[in-house]
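Welcome! Take a look at the sequence and the structure, then read on.

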Amino acid sequence: MTAPIELRLEHEQPAMDGLITFDGRVVEAFGFNDVHSVRMPVGLLGEVTVSFKSGLMSQPAITFKGRNGALGYNRAIEPPDQQQPEIENFVAAVNDAIQERA
């Protein structure tokens, strides 16, 4: 079982701040100027990816791809460069749990 992880993603506009948590079995996303939280059991996830590309046709994002027809979840993010390793570690922890369940 993975120790609980909290990933706080701050934004230059405080209302867009968000928090993504993972307890080893469920990923939850809160905030991001959304009135609904999102809950994703590892069993419904196929893979988690993160992109830090930014430009005319791309924006940094963390993507939770669904498995077996589950819709998944995509969140645009604007992390500072120094937070990228923390985000990559979060993604790796979730992907490890997905692989353990497979």
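The accessible surface of the protein comes to about 6,400 Å², and carbon and sulfur atoms account for 48% of that area. Please keep in mind that this is a predicted model. The notes below go from the whole chain down to single residues.

**Overall build**
- The protein has one helix and seven strands, and along the sequence they follow the pattern β-β-β-β-β-β-β-α.
- The C-alpha trace spans about 35 × 25 × 25 Å along its principal axes.
- The radius of gyration is 13 Å, which agrees with the value near 13 Å for a compact globule of 102 residues.
- Of the 102 residues, 33% count as buried.
- Among contacts between residues at least 6 apart in sequence, 35% join residues at least 24 apart.

**The largest nonpolar core**
- In soluble globular proteins, nonpolar side chains tend to be buried together.
- Here, the largest nonpolar core has 22 residues, of which Ile20, Val27, Ile62, Phe64, Phe90 and Val94 touch the most other members.
- Two or more residues each come from strand 1 (5–9), strand 2 (18–22), strand 3 (26–31), strand 4 (38–41), strand 5 (45–51), strand 6 (61–66) and helix 1 (84–101).
- Helix 1 gives the most to this core, with six residues.
- Which residues does Phe90 contact, leaving aside its neighbours within four places in sequence? They are Ile5, Leu7, Ile20, Thr21, Phe22, Val27, Ile62 and Phe64.

- Thr21 is found in strand 2.
- Is Thr21 buried or exposed? Thr21 counts as buried because its relative accessible area is 13%, under the 20% cut-off.
- Not counting residues up to four places away in sequence, Thr21 touches Ile5, Glu6, Val26, Val27, Glu28, Phe30 and Phe90.

- Asn74 lies in strand 7, which covers residues 73–76.
- Asn74 counts as partly exposed because its relative accessibility is 48%, a value between the 20% and 50% limits.
- Leaving aside its neighbours within four places in sequence, Asn74 is in contact with Ala61, Ile62 and Thr63.
- Asn74 and Leu9 are 65 residues apart in sequence, and their C-alpha atoms are 14 Å apart in space.

Key
Residues numbered from 1 in each chain as written. Predicted model: local features only at pLDDT ≥ 70, side-chain atom pairs only at ≥ 80, totals over all residues. Heavy atoms only, no water. Core = buried A, V, L, I, M, F, W, Y, C linked by side-chain atoms within 4.5 Å. Buried < 20%, exposed > 50% of the residue type's maximum accessible area, 1.4 Å probe, protein only. Helix = DSSP H or I, 4+ residues; strand = E, 2+ residues; numbered from the N terminus. Contact = heavy atoms within 4.5 Å. Rg over C-alpha atoms; globule rule 2.2 N^0.38 Å. Areas by Shrake-Rupley, 256 points an atom, 1.4 Å probe, with all protein chains shown as cover.
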